Amino acid sequence: MIVLHLAAASNIFSKAVLTSLVAGGLLAGVPLMFTALGESISERAGVLNLGLEGMMLLGAYVGFIVAYYVHSQTLGFVAGMGGGAIGSVLMVVLCVWLGLDQIVVGIAITLAGGGITSVLQGAQFGTSYPRLGAPATAAIPLLDKIPVLGPSLFDQPVLVYLGFAFAGFLAWAFRATNLGLNLRAAGEKPEALDAAGVSVVGTRSWAALSTGALAGLGGAYLSIVGAGIFTPFMTQGQGYMAIVITMLARGKPVWVVLGSFLFGISLSIATALQLAGVNISTDVINMLPFIAIIVALLVFARRSYLPPALAVPYLRGAR
Amino acid sequence: MSDSVSIPAQPEPTDVIVAQPPRVGRGSGRVRSRRAAAAGDALVRSLVPVILALIAGGLLLLILGRDPVSFYSDIWKGGIQQGSWEDSAMRGAPLLLIAVGLTVIFRANIWNLGYDGQFLIGAALITGIAPHLLSTPNAVSLVVMFLVAMAAGAAWTIIPALLKSRYETNEIITTLMMSFIGIGVANILVKGPFQDPTVNIPQTRVIPLDHMLPSIPGTRIHVGVLVALAAALIAHFVLTRTAFGLRLHVLGSNPRAAAHIGINVRRLIVSAFLVSGALVGAAAAADILGVWGYMRANWNPAYGDTVIPFVFLARLNAVAVIPFIAFFAVLSNGGDLAASNAHLPTDFLLVLVALILLFMTVIEYLGRRRGLGGSYLTPGLRAALRVPLLRRRRASEVCR
């Protein structure tokens, strides 16, 4: 037994394991990154989006269906964004415009997104799950020639590069543009934004809509690239994970990206360990990211930050 | 004390959640009619979302090419007819216990969304312990197992409770995370120490029938249903007639005011979480000891998700939730048959539940406008509706 474990331990740092850990972390982290970036937009604007899970599932389903029938992944991603955005339209109308409870509506969107995608999948394909082909990738010249990690890290779908660029853009936009300032004001002190002559409702609507679109994109990436297949409830709590990542990152895009990949790696440990010959039950592995979050919350509880006006509907003239 | 005589009879604060402005009537008869009107209003607001959701669900079925009439009649067949109402009643027991547990904590305006983890931890522990209690008297072992499940459910809320009470960490997030961990731990327990070594499928040993909850004489219904009903009544009494219930209500209405009048908010948050978790654990005990008798790996009935709308529709009233749960128990029990007949996944019920939630928030919004003296309809809609009605309106004004 001991010899076997030692052999396994020496395998942990082998090329294959390392590659699968990093590449798998990237693969699992990208959906989280898109979703968490979206959530950071709406959280900053004061809309807590508990429907993220449902929007991801909507995006995953719609994206998969389009990619499957139209044979175009790009269109699949676009459709996924649309699917997520449809989910968030509900949020915009009910919570931002009418000022209804964001938590209740969020739960409803999660339930509806999970239920309806499962029903549609069941009504279309029964119990068979069709599969998509391998995704098209674009290699970065030179960098993909780096031994060991190069091919796995720098040969990705174009969307991944775009995602990183978007994170950078978002960090800059939050800090240096009027739009970013408006968003932050809508979450910190909506009255002040209103007094400055900017519509709080309008700002929050755009924020919530882009959150839905990004969550849908995350879901579509999950089904089209990550799994190549749509199964009901395939997000398995990643929407909630994205909320926590945003909360711990205090809505800062750079930290959101880092956090997403940290959780992505913890999601991909399972396959990496299997390659290394270490057999740990998948239940333990599946729990790891959540345990990590609870530990992080216990350690950094005082430093997590949510805007003061989060989940508080803004009604003009209301006290 | 002459001025006390002149104070007109005020309506009793029947339901704390309905934010009705205190209306002072001119006489007792008027008060009664106002109260009746308020009760009727509450009834309408609770029933309309359900009806609208069923209609919208029917439309969805039509779009999917299924027959909504046969779907809903299958629900009636599978949920009520030929003794299946007894199965529905048994399905209702865990649902009701979870609903009561959520009612308690929602009253304090705290969100416990970790019910799945709390439920499964309780269920796993019971199925693991049961084989070791076979030699003890039945009554003792049943009570012990209920207590174990309740303790497990309560224990699973401690971390979120402490984080919430000390650092005001968002409990929605922490309870959800603990729920995912709980599901994993329950699976590990079922596949590991509690697994029945004699079968190949990962599942626990089956509790013998004579060690399960006894059934009510004359029916197949187990006494867990009575336990759930009793829990609802007791919870209603505690929430509306005791200091603890009042403190919870104050905390839920205004945490700052609660601290200001000397309520130990930290301790109250923790105890609300513990009570809620214990009730969810009791639901697990009622379900395992009443119906299943064993637990399979990856089993997760996810009762809590479907219960939430009904807790709100009952306006956080532990007694009023009973008919709603009865309705949903029938819907969910008959829905299994209806969904399989329509070749749809049972997740269709989730859509119905989500629709109920959405319609509920909308109706609540419209009702709030009405409560403030507005109309159920938005100004634009009302103007549009008024045009065809104009003539009749004018006639009635002439009569007046």
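Q: A residue is buried if 20 or more other C-beta atoms lie within 10 Å of its own, exposed if 12 or fewer, and partly exposed in between, with C-beta atoms placed from the backbone. What percentage of the residues of chain B count as buried?
A: This is a predicted model, in which local features need pLDDT of at least 70 and side-chain atom pairs count only at pLDDT 80 or more, while totals for chains, interfaces and linings use all residues. Residues are numbered from 1 along each chain as its sequence is written, and chains are lettered from A and ligands numbered from 1 in the order in which they are written. Chain B has 400 residues, and the share that counts as buried is 45%.

Q: How many helices and strands does chain B have, and how many does chain A have?
A: Helices (H or I, at least four residues) and strands (E, at least two) are DSSP runs, numbered from the N terminus. Chain B comes to 16 helices and 0 strands. For chain A, the secondary structure is 13 helices and 2 strands.

Q: Among contacts in chain A between residues at least 6 apart in sequence, what percentage join residues at least 24 apart?
A: Two residues are in contact if their C-beta atoms, placed from the backbone, lie within 7 Å. In chain B, 77% of the contacts between residues at least 6 apart join residues at least 24 apart. For chain A, the share is 78%.

Q: Which helix gives the largest share of the side of chain A that touches chain B?
A: Here 39 residues of chain A are in contact with 34 residues of chain B. The elements of chain A that give two or more residues to its side are helix 5, helix 11 and helix 13 (282-300). By class, that side has 28 nonpolar, 8 polar and 3 charged residues; Ala, Val, Leu, Ile, Met, Phe, Trp, Tyr, Cys and Pro count as nonpolar, Asp, Glu, Lys and Arg as charged, and the others, Gly among them, as polar. The largest share, 14 residues, comes from helix 5 of chain A.

Q: Is helix 3 of chain A roughly parallel or roughly antiparallel to helix 5 of chain A?
A: Axes are lines fitted to C-alpha atoms, for helices over the stretch in contact, and angles run from 0 to 180 degrees between N-to-C directions. Angles under 35 degrees count as roughly parallel, over 145 as roughly antiparallel, 65 to 115 as roughly perpendicular and the rest as oblique. Helix 3 (residues 52-70) and helix 5 (residues 102-125) of chain A pack at about 25°, with their axes 7 Å apart. The angle therefore makes helix 3 of chain A, relative to helix 5 of chain A, roughly parallel.

Q: Is Leu316(B) buried or exposed?
A: Most residues other than glycine have a negative phi. Leu316(B) has a positive phi, near 55°, and sits in the loop between helix 13 and helix 14 of chain B. With 24 other C-beta atoms within 10 Å, Leu316(B) is buried.

Q: Is Asn298(B) buried or exposed?
A: Asn298(B) also has a positive phi, near 65°. The loop between helix 12 and helix 13 (303-313) of chain B holds Asn298(B). Because 12 other C-beta atoms lie within 10 Å, Asn298(B) is exposed.
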